[in-house]
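Here is a short report for a first look at this structure. Keep the sequence and the model open while reading.

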Amino acid sequence: MTDLPPAICFAKVSKVFGGVKALQDVAFEVGQGEVHCLAGENGCGKSTLIKIITGVYQPEAGAEMALFGEELAAITPNLARQRGIAVIWQDLALFPEMTVAENIAFESLLGNRPRRVDHRALRAAAEAALARLEVSLDLDARLGTLPIAARQVVAIARALVSDARLIFMDEPTASLTQAETDALLAVVRTLSARGVAVVFVSHRLAEVLEISSRVTVLRDGRLVGVYPTEGMTQARLTELMTGKTLDHQVRARDTSGDPPVLEVEGLSRGNEFRDVTFTLRRGEVLGLTGLIGAGRTELSHVLFGMNRADAGMIRLEGRVLRMRSNRDAVAAGIAYVSEDRLALGLIQPQSISDNAVLAVLRRITGASGLLSPKRQEDLVAHWVRELAVKIGKPGDAVSTLSGGNQQRVVLAKWLATEPKVLILDCPTVGVDVGARAGIFRIVRELAAKGLAILLISDEVSEVHVNADRVLHMAGGRIVGEYDPRSTPLQDMEAAVYA
Amino acid sequence: MMDRLKQALGPEVPGLLGFLLLVVVVFGLTAPNFLTGANLGSIAFQLPELGILTLAMLIPIISGGFNLAIIYTANMAGLTLAYVLMQFGGAEAGIGPFVLGSVLALLVGAASGAAMGAVIAYIGAHPILVSLAMMIFLRGLGEFLTKGGDISGFPPYLATLGHGSVLGIPVPLILFGVCAVVWHILLTRTRHGFAARMVGSNLKATTYSGVHAKRTLVLIYTLSGVMCAIAGILMLSRFNSVRVGHGEALLLVTVLACFLGGVDPFGGFGRVAPVVIALVVLQVLSSGLNLLGANQHLSTAVWGLFLVGVMILRWGAERWKERKRGRG
């Protein structure tokens, strides 16, 4: 591999958009057949760099660009494709209504003139591509019926059909379970062994660090450095990406003397989770971590009354809870901040004000039985002030807010119900680092006021810093409990990501 | 004060009022009898049935759905009332049977709506399919019961409801006004109306917020059915007859009126006031063209052009606003 020229060798790459420097003097190199990570926060310039490499954008003058050893003065999208550079964006850009074979061999269907579709050649090409990945899929299945993981494989196969020699994968593991991630990594190993380079683009790289050899970190459009992945941790990577020494001061305190609020005993549901037992106390932040697919969200759905458990018991302040729907949970004092803020947490097109009062319509109903605009206004103003939400007008659509401010609106909605238990399911997904600290400041203030909080996160460092105790969930069971005061972050990460 | 009023009516109102003014001025100048009492009176009598049917269409659309069964629900309710009146002597029937028949008619409307709402909410079937099934069912049932004919010969006092006036205002118009005000309050000031808008934008997120979204859907279609029944009773009094197919042509006009009135075709947003103004514009357009001697079909064609025109204008206004924001 050492004699081969690198697949990508770029230097002095800069790009300015209307006065904003998206990239400044960045260098990027990937060897042939190498598995590489490109890491950075949202807005650090990752996408801009990819778009320059694939010829979508042209860099400022002075950039040095070479693909597979060939110096290039300018790159067009066609040239990049001919040289074998492919990108699989997070949305995959496939056709859900077409079959697996049609999706894979899609490019052979393109052309200027109408002609007959050669179904046999199409299937053969698709079959060959899947064989190179050592994966078997039903070629005639409609793509829309397949799980995301299989669709990703289809996208990779499509890249291979057009002779890709380097594939960028944008946030490939974002929505995969552990088993699916493992399968994907196996495919990537096969690709690498066949000399195809793969670049993972992500800001959560824990899963792919182990199979990559190097990681390039960008921050604010500048190159931070290129590091070997040997010995790299998610925590160190986060520091490199944000440029801030993360506040690793553990805030855990002994809560064993506080009265229990939520007691869960032997809770099981189908093959989602089994025999889950824990106690959540007044004023406690209980962390719950584990990989995707560990059953965390499924457990929280049962605690919130959305689904029913097959066995086990939930007690709230000593009384057994029997919930027929999440309305019973809300009435009992349980609030749930969903991990999917876009689809479940907020009603994006509706106003900030209407979203904030949705869970407490009864409270803004006046004596006449009609909703009182005045009460709504007052309630919204109160929470906007209380949680320091940055908004334009309360009547603006909630979709106009940043991730961090949207999450504050979700919190406002639930805090208005005056809950006893607050379940936070990955509350920092899609929230920038600076805003995350703000969210956790609110969480700690709420705990100090006596709210019992279950903090679910797949980032171990988040629960290590912010929780009083940490439960580790894997394969649907609670497999460990840690005290952040006595367990260092590295040990906890090693246990969870093992 | 102006702000409150603007907020209550919605941003669509000024534009629509401008349109209305333009249409009135153009016809006032070109059509000889346009601005006479007789013509305005005829508009005032024609508007309410279409108006009430449009209200029945409005809330399902706001909830992200549709109700294709409004016309047949209305006529089925009318048939119910007609049946009761016939049992009590037809033209000789007193007020008592009318009240009884009307209550039963409202119940029939409510039942039709509730059935659709329940299937949509609990089975998750698409509202267009469910209401299409209900529409075909009701039409078939109605044709079967009436053998395709008219039922007529109702007591004379029904003419008061259909053709009478109080203080110079046509009774049907008063009825429509009351219904519109009730609908406005329902949508802006009740928990169910609030939930209907939220369900229209995102059913799942509304459910996750602890709102009984399924019950909301059932209620929305039930209320839509009740509004249909009111329209059915009014049509019976105006035509002095009931037939299953009365007003078939109005179905898509109600949809047109909703969209002209700025109701979001994807659900979640819509107000009563602009829809009412849109109805008036449609009615004025058709009556003006009628006075000019245009063919009735031509006025339907103009309605279609009108909707396209409004969409283009809205797009233009949006672009203009964006450019202004971009500069500011």
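In strand E5 of chain A, the residue opposite A:Ala66 is A:Glu71. This is a predicted model. The two strands involved are E4 (residues 64-67) and E5 of chain A, antiparallel and joined by three bridges. They belong to an open sheet of four strands, ordered E2-E1-E4-E5 in chain A, with antiparallel pairing. Strand E2 (20-30) and strand E5 (70-72) of chain A have a single partner strand each, so one side of each is left without a neighbour in the sheet. On average, neighbouring strands of this sheet are turned by 30 degrees against each other, direction ignored. A helix also packs here: H1 (residues 46-53) of chain A touches strand E1 (8-17) and strand E2 of chain A. The direction of H1 makes about 115 degrees with that of E1(A).

**A sheet of six strands**

Chain A also holds an open sheet of six strands. Its order is E6-E7-E8-E3-E9-E10, and the pairing is mixed. At the edges are strand E6 (85-88) and strand E10 (222-228) of chain A, each pairing on one side only. Neighbouring strands of this sheet are turned by 20 degrees on average, direction ignored. Helix H8 (residues 234-242) of chain A packs on this sheet. H8 touches strand E3 (35-39), E9 and E10 of chain A, and its direction makes about 35 degrees with that of E9(A). Strand E9 (residues 214-219) of chain A runs antiparallel to E10(A), with six bridges between them. One bridge partner pair is A:Val215 and A:Tyr227, the latter in E10(A).

**A hairpin**

Further along chain A, strand E11 (residues 260-269) pairs with strand E12 (residues 273-281). The sense is antiparallel, over six bridges. A:Val264 stands opposite A:Phe278 in E12(A). Three residues lie between E11(A) and E12(A), which form a hairpin. A:Gly270 sits in the turn and has a positive phi of about 45 degrees.

| Strand pair (chain A) | Bridges | Facing residues |
|---|---|---|
| E4 and E5 | three bridges | A:Ala66 and A:Glu71 |
| E9 and E10 | six bridges | A:Val215 and A:Tyr227 |
| E11 and E12 | six bridges | A:Val264 and A:Phe278 |

**Chain A as a whole**

How many helices and strands are in chain A? There are 17 helices and 20 strands. The radius of gyration of chain A is 25 Å, close to the 23 Å that the globule rule gives for 498 residues, so chain A is as compact as a globular protein of that length. Along the principal axes, its C-alpha atoms fill a box of roughly 70 × 55 × 50 Å. Buried residues make up 43% of the 498 in chain A. Take the contacts in chain A between residues at least 6 apart in sequence: 71% of them join residues at least 24 apart.

**Where the chains meet**

The contact takes 18 residues from chain A and 17 residues from chain B. Two helices of chain A, H10 (326-332) and H11 (341-345), each supply at least two residues of the side that touches chain B. That side of chain A has eleven nonpolar, five polar and two charged residues.

**Inside chain B**

Helix H11 (residues 213-239) of chain B has 27 residues. At 1.5 Å a residue, they should span 39 Å; the end C-alpha atoms are 39 Å apart, which agrees. Is H11(B) enclosed or open to the outside? Of its 27 residues, 23 are buried, so H11(B) is largely enclosed by the rest of the structure. After H11(B) comes B:Asn240, with a positive phi near 55 degrees.

B:Ala229 lies in helix H11 of chain B. B:Ala229 is buried, with 30 other C-beta atoms within 10 Å. Beyond residues up to four places away in sequence, B:Ala229 touches B:Ala74, B:Ala77, B:Ala105, B:Leu106, B:Val108 and B:Gly109. B:Thr73 is 156 residues from B:Ala229 in sequence, yet their C-alpha atoms are 6.7 Å apart.

B:Ala69 is placed in the loop between helix H3 (37-62) and helix H4 (70-87) of chain B. B:Ala69 is buried, with 30 other C-beta atoms within 10 Å. Leaving aside neighbours within four places in sequence, its contacts include B:Ser112, B:Met116 and B:Leu138. B:Ala69 and B:Ala56 are 13 residues apart in sequence and 9.9 Å apart in space, C-alpha to C-alpha.

Technical notes:
Residues are numbered from 1 along each chain as its sequence is written. Chains are lettered from A and ligands numbered from 1 in the order in which they are written. This is a predicted model: local features need pLDDT of at least 70, side-chain atom pairs count only at pLDDT 80 or more; totals for chains, interfaces and linings use all residues. The radius of gyration is taken over C-alpha atoms; the globule rule is 2.2 Å times the number of residues to the power 0.38. A residue is buried if 20 or more other C-beta atoms lie within 10 Å of its own, exposed if 12 or fewer, and partly exposed in between; C-beta atoms are placed from the backbone. Two residues are in contact if their C-beta atoms, placed from the backbone, lie within 7 Å. Ala, Val, Leu, Ile, Met, Phe, Trp, Tyr, Cys and Pro count as nonpolar, Asp, Glu, Lys and Arg as charged, and the others, Gly among them, as polar. Two strands pair if DSSP finds at least two bridges between them. Axes are lines fitted to C-alpha atoms, for helices over the stretch in contact, and angles run from 0 to 180 degrees between N-to-C directions. The expected span of a helix is 1.5 Å times one less than its number of residues.
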